[in-house]
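Here is a short report for a first look at this structure. Keep the sequence and the 3D view open as you read.

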Amino acid sequence: MTSALCLIGDGLGNIIEQTAMVRAASYLYDNVDTWAPDSVLSCLSVIRDMSEVRYTWTVQPDIEYDICFCSFFVRKYTKRVNCNHFVVAEDPRKVNLSESEFHVNLVREVGYEGQAPKSYCGFDAQVFSYKGLRLGIATGFRKGYPHWEKVVDFLLKELPNLEIFLFGSSQDQSISNVPIDWRGYKLIRETAGWVRELNAFVA
């Protein structure tokens, strides 16, 4: 039985995009595990039911792998993995590829020839009672974009029946004129379920 470890992370968006690499690896290896050492444990909820994943580590793996596919963002952890062969990504910000396609290329280096599989994000289904246009916004805590209020004012003027929802963690940037502020109140899988029901999502 062959085994592969996908060393992924570090943010939630990175984990979701890198699931394409996990799926590609599952075509070549009997057992595929994941480890996201720099990610908060709640982020791992979106991959807990991936059929392609045998085990998701929350501590340093203590078994030997045939190969390790490693994201650029967590490459320092390769020193802690018992593995015969490493395929480590360069900085994806320096190439003109989506993060998912970029990481699938790591698996192509050892023989994968298919298209990039779809990224995976587990979710808990939700249903909106509001049936009009629905827009979700996630501002993030690093961006500091100063014009969100102006953008929201413009959207509400052009689309009076638009309902806007603010998602993210409690540390993310606020938008004063968005009345439905769910930052910090929704679990990740619950948020993923709500986002699936939106007409558009901006992050």
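## Two helices side by side

The axes of H1 and H2 come within 8 Å and cross at roughly 30°. The two helices therefore count as roughly parallel to each other, since an angle under 35 degrees falls in that class. The crossing of H1 past H2 is right-handed. Keep in mind that this is a predicted model.

Which residues make the contact between H1 and H2? On the H1 side they are Asn 14, Glu 17, Gln 18, Ala 20, Met 21, Ala 24 and Ala 25. On the H2 side they are Glu 99, Ser 100, His 103, Val 104, Leu 106 and Val 107. In an α-helix, residues three or four places apart point the same way, because each turn takes 3.6 residues.

## A covered helix

H2 is mostly covered. Of its 10 residues, 7 are buried. They are Glu 99, Ser 100, Phe 102, His 103, Val 104, Leu 106 and Val 107. What lies over these buried residues includes helix H1 (12-26), S4 and S5.

Is His 103 buried or exposed? His 103 counts as buried because its relative accessibility is 0%. Beyond its neighbours within four places in sequence, His 103 is in contact with Gln 18, Met 21, Ser 71, Phe 72 and Ala 89. Among these, Gln 18 and Met 21 also belong to the H1 side of the helix contact.

Strand S4 covers residues 67-70, and both of its faces are covered. Ile 67 and Phe 69 are buried on one side. Cys 68 and Cys 70 are buried on the other.

S4 pairs with S1 and with S5. Strand S1 (residues 3-7) runs parallel to S4, and 4 bridges join the two. In that pairing, Leu 5 stands opposite Cys 68. Strand S5 (residues 86-88) also pairs with S4 in the parallel sense, over 3 bridges. Here Phe 69 stands opposite Val 87. Strands of a sheet pair through backbone hydrogen bonds, either parallel or antiparallel.

## An open sheet of four strands

Now turn to another set of strands. In what order do the 4 strands of the open sheet lie? The order is S8-S7-S6-S9, with parallel pairing. Strand S8 (180-181) and strand S9 (200-202) are the edge strands, and each pairs on one side only.

Strand S6 (residues 134-138) runs parallel to S9, joined by 3 bridges. Ile 137 stands opposite Val 202 of S9. Helix H3 (residues 148-158) packs on this sheet. It touches S6, strand S7 (163-167) and S9. The direction of H3 makes about 175° with that of S6.

## Salt bridges

How many salt bridges are there? The count comes to 8. Three of them follow, each with its own setting.

Asp 91 pairs with Arg 93, and their closest N and O atoms are 2.9 Å apart. Asp 91 counts as buried because its relative accessibility is 13%. Arg 93 is exposed, with a relative accessible area of 62%. A second bridge joins Arg 108 to Glu 101, with the closest N and O atoms 2.8 Å apart. Arg 108 counts as partly exposed at 27% relative accessibility. Glu 101 is partly exposed too, at 25%.

## A link across the sequence

At 7% relative accessibility, Arg 189 counts as buried. Asp 124 is partly exposed, with a relative accessible area of 32%. Both belong to a network of salt bridges that also links Asp 49.

Note on methods:
Residues are numbered from 1 along each chain as its sequence is written. This is a predicted model: local features need pLDDT of at least 70, side-chain atom pairs count only at pLDDT 80 or more; totals for chains, interfaces and linings use all residues. Side-chain values use heavy atoms; hydrogens and water are left out. Buried means under 20% relative accessible area, exposed over 50%, partly exposed in between (1.4 Å probe, protein chains only). Contact means heavy atoms within 4.5 Å. Two strands pair if DSSP finds at least two bridges between them. Axes are lines fitted to C-alpha atoms, for helices over the stretch in contact, and angles run from 0 to 180 degrees between N-to-C directions. A salt bridge is a side-chain nitrogen of Lys or Arg within 4 Å of a carboxyl oxygen of Asp or Glu. Angles under 35 degrees count as roughly parallel, over 145 as roughly antiparallel, 65 to 115 as roughly perpendicular and the rest as oblique. A crossing is left-handed if the near helix is turned anticlockwise from the far one by less than a right angle, and right-handed if clockwise.
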